[in-house]
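Biologist: I would like to learn how to read salt bridges and a ligand shell in a model. Can we work through some cases?

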Amino acid sequence: MPRKVMQGLAGEDAVVERTVFNDIVTGLQERGYTVYGTVNEKGAGIFRPLGDAGEFSLRCTGGTMPPKDLWYPPFETLFTYDRQTGEFHTDIEETRHAVFGIRPCDVHALLALDEVFLGGEYQDPYYRARRVDLPLIVFNCVEAGDTCFCSSMGTGPGLDHDYDLLITDLGRSNGEGSERFLLEVGSSRGGELARGLRGEAAVDEDYQVKKRRLQETAAGERITLNTGDLPRLMHNGHDHPYWREVTDKCFGCANCTSVCPTCYCADIFDETDFSLRETRRKRRWSWCFLVEFGAVHGGNFREERIDRLRQFMQHKLNFSMGQYGFFHCVGCGRCIVWCPANIDIAQTGRVIRGDA
Amino acid sequence: MTAQADKLKMAVFKFTSCSGCQTPFLNMETEILDLADHVDIACFAMASSATRPGPYDLTFVEGGISCEEDVRRINMVRQESKILVGIGNCAVYGGPQALRNFMSLEDLKRTVYPQPDLIHCFPTCKGIADYVPVDGFVNGCPVDQGHLQDYIVSVLLGKSPEVSSRSVCLECKMKENICLIVAEGVACMGVVTGAGCGALCPSFDRGCYGCFGPSADPNLNSFANLCRELGLTEDEINRKLRCIVNNAKAFREEVERHVPQPVKG
Ligand code: SF4
Ligand code: SF4
Ligand code: SF4
């Protein structure tokens, strides 16, 4: 079937070359967005503000840290209090961040946080101010990382909702020729960005190639976890001896929770300067893995490391289902990569449910 | 301006130590003016020889207890202080000089001093809490200026100071450092060390030396195993755990449990 080559797309799905990445990044910047994307640093992918798309690294799967800090920063001031006048001052500023190259698992993690911060009766205005205008240029994964298990968790390697633009590497036809990417438009904002780009109209075959590549990626994931009936099995496995085995290795460092794209817990504290004129009430990330997390008046409800480790994994693979109706583990694999003790949540899930 | 009598009367005392934990007070350059509004620094020999007697509202103590004279003074300081806070590795654990706790004092004296008989000290150096009741601690080797400021502000406001059970790892993660254990196979002590330094060494690709002491619930047994997996000898593990905060219970016990003791003398 002959392809229609277009100098300027009108905002429809298309097959494009890598050169359009820069046009997309520039287009976002011209519209006033700070564009974040994974940059290769010391052999790992880190989300940084991009000058241009040349700095973007396609190879680093999801980034060392998730881009979560863009919508939920590790530290933030909730309000300031003037100790002399007694006045409170809240300054909620809407941000204009865009993410170029966010992966499907991290989009699912973002949707999970939406549920946490905006889904209930009380909405978090700080989160909303950063979420309201957040274009997502999503890259489907055509190569799974060593610790990815998104296909088990149903969060990848492809995405079919909640993107502005979705890009899938179609590879080179017959292993040669130029790189080709399927660009799919998922919103009017995405359509705006795609307008005027250079590319060819997408045809059925392109969607077939995409489908095949995603199937291959899913099949290539080395880590798997059967999620059927998992919450009940995890519940029953509360006293499984494996928890002790893992705890004996665990340092209690909390790296795992700190890199998780869906961990949302926080701790509130006050900061007063030396003049005692102003107090800032702040929020910072906190995690159930910290000893202080369970410290309440009269004691600590998670005194032992085994309780803290179990809470982390049970929340991801069990409690979240009851709370929100879906798992808060999106299978990104970061907690596995960055655990210095090689503790593996998927492996733990398999053992507790009786598969390993 | 608060009247002198209404200000918080503060003192800083030094025991057996290197003075590095008092220095942050001197480094509070711009803050010191604000501080002077609320705090009356009545006794701080490193800053001024004009010292005034107690009682003090808030006393910071740097240094470990190393000899008879230290014991006499720490009891005096305790009596004169409403709130007594130990600052730094020495006051909390005994300091780097507590290394001698694991050796023969007589041999050490002979190795170091030309006239060993002039040295009168205990065979051990210990933290101040081994001798007097202490109201709080600020960890570090040396302590961080921000933590001292937070302590003073907290006392002024009548609230408890921030204490966190975070590990150095979390400071690395917040800086998006690439983990040295995972990526480089370095036996970094950050996993068992309390936060506070801002992950200073790992940010320069050096494994953590453990300056802030053990984290809240450190798994030293697993850390020693990690070191072995990374190829460290028992002696190297011993030296690592005894490098700076050698007398902290968790580090000390791990050495005693698994690692052959160095030959005394
Ligand atoms: S629990 Fe681990 S694998 Fe699951 S989403 Fe969090 S970091 Fe990723
Ligand atoms: S795993 Fe722990 S820190 Fe993460 S969201 Fe759940 S309770 Fe919070
Ligand atoms: S990263 Fe690993 S060692 Fe550290 S707290 Fe998590 S499970 Fe334990």
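The dialogue below takes up salt bridges and then the surroundings of a ligand.

Modeller: Keep in mind that this is a predicted model.

Biologist: What is the general idea behind a salt bridge?

Modeller: Side chains of opposite charge can pair when their charged atoms come close. In this structure the count comes to 42 salt bridges over all chains.

Biologist: How far apart are the closest N and O atoms of Asp114(A) and Arg131(A)?

Modeller: They are 2.8 Å apart, and the two residues form a salt bridge. The pair links distant parts of the chain, with Asp114(A) in helix α2 (residues 104-118) of chain A and Arg131(A) in helix α3 (residues 125-131) of chain A, 17 residues apart.

Biologist: Is Asp114(A) buried or exposed?

Modeller: Buried means under 20% relative accessible area. Asp114(A) has 15% relative accessibility, so Asp114(A) counts as buried. Arg131(A) also counts as buried, because its relative accessibility is 17%.

Biologist: Which residue forms a salt bridge with Arg281(A)?

Modeller: The partner is Asp270(A), and the closest N and O atoms are 2.7 Å apart. This pair links distant parts of the chain as well: Arg281(A) lies in strand β13 (residues 278-285) of chain A and Asp270(A) in strand β12 (residues 266-272) of chain A, eleven residues apart.

Biologist: Where does the pair of Asp34(B) and Arg277(A) sit?

Modeller: That pair crosses between chains, from helix α2 (residues 31-38) of chain B, which holds Asp34(B), to the loop between β12 and β13 of chain A, which holds Arg277(A). Their closest N and O atoms are 3.9 Å apart, and the salt bridge cut-off is within 4 Å. Asp34(B) is partly exposed at a relative accessible area of 24%, and Arg277(A) is partly exposed at 39%.

Biologist: Which residues are linked in a network of salt bridges?

Modeller: Glu76(A), Asp124(A), Arg130(A) and Arg283(A) are linked in such a network.

Biologist: Now the ligand. Which residues surround ligand 2?

Modeller: The shell can be read by name and then by class. Around ligand 2 are Cys263(A), Tyr264(A), Cys265(A), Trp287(A), Cys288(A), Gln311(A), Phe312(A), His315(A) and Lys316(A). By class, this shell has six nonpolar, two polar and one charged residues.

Terms used. Residues numbered from 1 in each chain as written. Chains lettered and ligands numbered in written order. Predicted model: local features only at pLDDT ≥ 70, side-chain atom pairs only at ≥ 80, totals over all residues. Heavy atoms only, no water. Near = heavy atom within 4 Å. Nonpolar A, V, L, I, M, F, W, Y, C, P; charged D, E, K, R; others polar. Salt bridge = Lys/Arg side-chain N within 4 Å of Asp/Glu carboxyl O. Helix = DSSP H or I, 4+ residues; strand = E, 2+ residues; numbered from the N terminus. Buried < 20%, exposed > 50% of the residue type's maximum accessible area, 1.4 Å probe, protein only.
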